[in-house]
Amino acid sequence: MEEELREETIIASITDLSEKERNAYIIFLAGTHVGKIHHLQEGELILGRDPKANLVIDDPAISRQHSVLKLSEGKVTIRDNGSTNGTFVNGQRVTQAQLMDGDKIQLSSSTILKFAFQDNVENVFHKELYKMAVVDPLTGAYNKRYFDDRLKEEFSYSVRSQLPCSLVMMDVDHFKKINDTYGHPAGDYVLCKIIQLTRSVIRNEDVLARFGGEEFTIILKGTPSEGAITLTERLRKEIDEYVFEFEGKQLHVTISMGVATLPHENLKTHEAMLKMADELLYHSKNSGRNRVSY
């Protein structure tokens, strides 16, 4: 029902957009206004929770007049308006920046927007509808719903074809401490960077998803335990040695992982496989963290 209402909101908004010229617009990817589209007009647009803002956003984590979008001579810029938590474009905190088609704007952990500058508006939004249904708006990884469906498919295929398949559960160590010490924008930066580092290690056909909070999953298709262990140890080491730098501060980040692999005599269902990987993850957490259990 929620997805249907969201689609109706987007389709209704498309009809209001001119098809005779290139349109600059923003779409809410996450937050209380998810699915809402705003067509940018020439001039300035103030974003914030102040009722006097041009675009009022019901989010207590953003400032009353958080930032300003300006469309002038075919170019769109965003300016932070002295907000408490900052304005981020593609994960980088900005004072002012010119926006490019596809840029992701983050005003808080909950409120995430996407900027687009396109001719074929309807085509763009059909693609955006799909992304909103299957992709986590913060990290760009697949969401839990998509992961659940794919795990069922890959488990069944692996059993039928008698091919190996590995499932990785990974969790950021002491993530609450990162948020409490450096703030939630720093935590969001860490999650996005971990996804970026993970993508550099896995293959295109592997499925990377955000399972919830600071927990992620990877489906390694056709990968036996030896290959999964090699990959996860490489990823664990790469994150451990990477220098996470946020607003001039260096953060040391580690992850813990659990790996379950087919075939296995105790794995008769995809739920059992997920449970085993989760139990192995928590074995890593309880054994000192920054390690892989399999």
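1. Met170 stands opposite Met257 in strand 17. Strand 17 (residues 255-262) pairs with strand 12 in the antiparallel sense over eight bridges. Strands pair here if DSSP finds at least two bridges between them. Strands (E, at least two residues) and helices (H or I, at least four) are DSSP runs, numbered from the N terminus.

2. The model is predicted: local features need pLDDT of at least 70, side-chain atom pairs count only at pLDDT 80 or more, and totals for chains, interfaces and linings use all residues. Residues are numbered from 1 along each chain as its sequence is written, and side-chain values use heavy atoms, with hydrogens and water left out.

3. Strand 12 also runs antiparallel to strand 14 (residues 215-221), joined by seven bridges. There, Val168 has Ile218 as its bridge partner.

4. Eight of the eight residues of strand 12 (residues 165-172) are buried, meaning under 20% relative accessible area; exposed is over 50%, partly exposed in between (1.4 Å probe, protein chains only). In a regular strand, side chains alternate between the two faces of the sheet. Both faces of strand 12 are covered, with Met169 among the buried residues on one side and Met170 among those on the other.

5. The whole structure holds seven aromatic pairs. Rings of Phe, Tyr and Trp (its six-membered ring) pair if their centres lie within 6.5 Å; planes under 30 degrees apart are stacked, over 60 edge-to-face, the rest tilted. Tyr142 and Tyr146 are stacked because their ring centres are 3.9 Å apart and their planes at 20°. Tyr142 is partly exposed at 30%, while Tyr146 is buried at 14%.

6. Phe88, Tyr189, Tyr242, Phe244 and Phe246 form one aromatic cluster.
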